[in-house]
Amino acid sequence: GEMPARGYVECSATLGAAAAAGWAYLAEGGAHLVLERRDVADDDPNVAGRVLRLRKAKTGTSSSGEDVARDGARDGTLETCSNALTDASLWASHPGFEDANSVEDRSWAFAHHVMRPLLGGRFVDPGAFAPVDREFLRAVADAVEPARPSARRARSGIDLAATRAALVPDANRVDRAFGAERRRGVGAAEDWFSVEIKPKCGFALPGDPKGTSRFAMHQALRVRRGEVRRASAYDPLDLFAGCDEETGEETNPRTRATSESERKKKSRRALSALAAAPRNNLRVARRGRRWPESDSNESLDTRAWTESLDAFVQETDRNLDVDVRLGGASGLLDLVDDALRQSGVLAFVLRAQRRDAVGAETAARLWRRLSAHELESREEPPATREEPPAT
């Protein structure tokens, strides 16, 4: 359906300190912290079944301290290092970005005007904005601090200077998202799994005869640096096998599936590898319970991870009054594999990834070079023309 022109939601009022109790910590990344909505009686339909994505800022102490609201961290590195090369200037001429004057506006415009056409409205919902005040942000920051990973707490916290937060449908609440299914007779006792996968880049770099994925190279680098004890066996090229044929792209030999059985074998191998080393690349949720409980646990070996997922799925099976049971991790991964292929989402993702003809590493080098050139040009004194001596 049509999205609002500027992405605003009609909330009854600004989210203040009293509203903080209705939200709980869910997850976070480098730039945002995500809260999930608690079950609240007679809840506001604008916030029920949604997650709230809050902007983060760098800090040297605590997420509830005054130092969180640093102006330099709010607009991102591009905007603070160079006045000439900014997100705003890079996207200024793109349709839909004419009125995108803030980080939040550009984020919404990117999701709606760039990713939604690429992946389709079925897979992209840019959400909407809700107004928030400082008291709400401070109350939330204090409440979620114990649930945050210690490494995250040391580096960043909720930006107390933010005035808006993004409301996005909660993909874990499929009981709300698929209400129509229930009206057609699916029983209320039946349960749902929500599976989150970070598939990574699904194609090898051009000119690489071995077809090594960027993820595999990054894993080797992380082991060398001592960031992880062992490299993940997951290979994105296995998960995306056969997707090139769906997009009509030229294929790398490693991503070309010669038969459906070979494609199935590769994709199941990829999913099994994710289950054996989930880290932050695979998460499974079921009504408030999540697997794994921590993405930083390096103490378990690959077999122990798979067994723990087995136990998670089997416990769910025991609690369901249904005829068909998954039986364990293998049954769940088979179901995930079928869902990925039937939806066609991987082919859309791969096609979007292939639009990046430069690559993150090359783009970063170009940006650093341009920024350095700009700084040098600022420091150089204006040239003066020497007048010839008078005769």
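This is a predicted model: local features need pLDDT of at least 70, side-chain atom pairs count only at pLDDT 80 or more; totals for chains, interfaces and linings use all residues.
Buried residues make up 39% of its 391 residues, and the protein exposes about 22100 Å², of which carbon and sulfur atoms supply 52%. Among the contacts with a separation of 6 or more, 65% are between residues 24 or more positions apart.

Now select β7, β8 and β9, which form an open sheet of three strands in the order β7-β8-β9, with antiparallel pairing. The edge strands are β7 (194-197) and β9 (289-291), each of which pairs on one side only. On average, and with direction ignored, neighbouring strands of this sheet are turned by 15° against each other. If you look closely at β7 and β8, you will find four bridges joining these antiparallel strands, and Glu 196 standing opposite Arg 283 in β8.

Next, go to strand β1 (residues 23-28), which is mostly covered, with five of its six residues buried. A hairpin of three joining residues leads from β1 to β2, and β1 pairs with strand β2 (residues 32-37) in the antiparallel sense over five bridges. To see one of these bridges, select Tyr 25 together with its partner in β2, Leu 35.

From there, move to the largest nonpolar core, which has 31 residues; those with the most contacts inside it are Tyr 234, Leu 239, Phe 240, Trp 291, Leu 309 and Leu 346. The elements giving two or more residues to this core are α12 (260-276), β8 (282-286), α13 (302-318), α14 (329-343) and α15 (345-353). Another core lies apart from this one and has 21 residues, among them Leu 52, Leu 160, Ala 162 and Leu 167.

Which residues does Leu 309 touch, once its neighbours within four places in sequence are left aside? Select Leu 309 and you will find it in contact with Ala 275, Val 284, Trp 291, Ala 329 and Leu 332.

Finish with α14, a helix of 15 residues that reaches 21 Å from its first C-alpha to its last, close to the 21 Å expected at 1.5 Å a residue. Colouring by burial here brings out a number of buried residues, including Ala 329, Leu 332, Val 336, Asp 337 and Arg 341. Just after α14, the last stop is Gly 344, which takes a positive phi of about 75°.

Technical notes. Residues are numbered from 1 along each chain as its sequence is written. Side-chain values use heavy atoms; hydrogens and water are left out. A nonpolar core is a set of buried Ala, Val, Leu, Ile, Met, Phe, Trp, Tyr and Cys residues joined through side-chain atoms within 4.5 Å. Buried means under 20% relative accessible area, exposed over 50%, partly exposed in between (1.4 Å probe, protein chains only). Contact means heavy atoms within 4.5 Å. The expected span of a helix is 1.5 Å times one less than its number of residues. Two strands pair if DSSP finds at least two bridges between them. Accessible areas come from the Shrake-Rupley method with a 1.4 Å probe; for residues, only the protein chains shown count as cover. Axes are lines fitted to C-alpha atoms, for helices over the stretch in contact, and angles run from 0 to 180 degrees between N-to-C directions.
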